[in-house]
Amino acid sequence: MSSVTGSHDDGRPTLLLLNGLPASGKSATARAWAARRPGTLALDIDLVRTLVSGDDAAAQARALAHAMAESHLLSGHDVVVPQLTARISNLVPFEEVATRTRAAIVHVLLDADAETLRRRITSDDAWHRAGLDDEQLAEYSAGLRDVARTRNVHRIDTGQLTTDEVVAELEHLSA
């Protein structure tokens, strides 16, 4: 198991996957995590997707993210990826990147109760959450349960925590 306090104890870089439902705190946590660790790439696939035009932008953004993560890990630096990944098939390429680069991989599910998530979703104007409904949230939740059952996933309840407190929880995962 990798330490998530920076590069792995044996010098290997770390690929930190922050997974969870919309508004669980993935992006804010990734930015805060990277800000405390110079050289860490906070790889927000939703942001990369805004840079790609066309109907296949999501798939192209994922492919770009895999390549960016691989390049950065090969340079010896850590990567943190804040991304709702409710399909195992979307996790596999990151697992393959970690294997190819000999990076340690840490997968964390950020979670919060439904009321907190709804409040967060309605209180911000994040473009990628526009039109999100209860049916989609239920579908994402089912996918995340499948992911958690089949992968070594750590859970952090972000419902009552500040971003700094979530980062502190990440730091204590392997302590």
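## Basis of the description

The structure is a predicted model, in which local features need pLDDT of at least 70 and side-chain atom pairs count only at pLDDT 80 or more, while totals for chains, interfaces and linings use all residues. Residues are numbered from 1 along each chain as its sequence is written, and side-chain values use heavy atoms, with hydrogens and water left out.

Helices (H or I, at least four residues) and strands (E, at least two) are DSSP runs, numbered from the N terminus. A residue is called buried under 20% relative accessible area, exposed over 50%, and partly exposed in between, with a 1.4 Å probe and protein chains only.

## The sheet

Five strands form an open sheet with parallel pairing, in the order S2-S3-S1-S4-S5. At its edges stand strand S2 (41–42) and strand S5 (153–157); each has a single partner strand, so one side of each is left without a neighbour in the sheet. Two strands are said to pair if DSSP finds at least two bridges between them. Strands of a sheet pair through backbone hydrogen bonds, either parallel or antiparallel.

Strands S1 and S4 pair in the parallel sense over seven bridges, and Gly 20 stands opposite Leu 110 in S4. Four bridges join S1 to strand S3 (residues 79–82), again in parallel.

## Burial within the strands

In a regular strand the side chains alternate between the two faces of the sheet. In S1, seven of its seven residues are buried. Thr 14, Leu 16, Leu 18 and Gly 20 lie on one side, with Leu 15, Leu 17 and Asn 19 on the other, and both faces are covered. In S3, Val 79 and Val 81 point one way and Val 80 and Pro 82 the other way, and all are buried.

Ile 156 belongs to strand S5 and counts as buried, at 4% relative accessibility. Leaving aside residues up to four places away in sequence, Ile 156 touches Val 108, Leu 109, Leu 110, Asp 111, Leu 161, Val 166, Glu 169 and Leu 170, where contact means heavy atoms within 4.5 Å. The C-alpha atom of Ile 156 is separated by 26 Å from that of Met 68, and the two residues are 88 residues apart along the chain.

## Helix H5

Helix H5 comprises residues 114–123, and Thr 116, Leu 117, Arg 120 and Ile 121 in it are buried. These cover an arc of only 130 degrees around the axis, which puts them on the same side of H5; the arc is that of the directions from the helix axis to the C-beta atoms. The buried residues of H5 pack against helix H6 (134–150). The face of H5 turned away from its buried side carries the exposed residues Glu 115, Thr 122 and Ser 123.

At the start of H5, a side-chain oxygen of Asp 113 reaches to within 3.2 Å of the backbone nitrogen of Glu 115.

## Two loop residues with positive phi

Ala 23 has a positive phi of about 75 degrees although it is not a glycine. This residue lies in the loop between strand S1 (14–20) and helix H1 (26–35), and is buried, with a relative accessible area of 8%.

Arg 102, likewise a residue other than glycine, has a positive phi near 60 degrees. Its place is in the loop between helix H4 (88–101) and strand S4 (104–111). Arg 102 is exposed, with a relative accessible area of 61%.

## Aromatic rings

Arg 37 lies over the face of Trp 33, at 3.4 Å from the ring centre. A charge sits over a ring if NZ of Lys or CZ of Arg is within 6 Å of the ring centre and within 35 degrees of the ring normal.

A search of the whole structure finds zero aromatic pairs. Rings of Phe, Tyr and Trp (its six-membered ring) pair if their centres lie within 6.5 Å; planes under 30 degrees apart count as stacked, over 60 as edge-to-face and the rest as tilted.

How values were computed:
A polar contact is a pair of N or O atoms within 3.5 Å; within protein, one must be able to donate a hydrogen and the other to accept it, and residues adjacent in sequence count only if both atoms are side-chain atoms.
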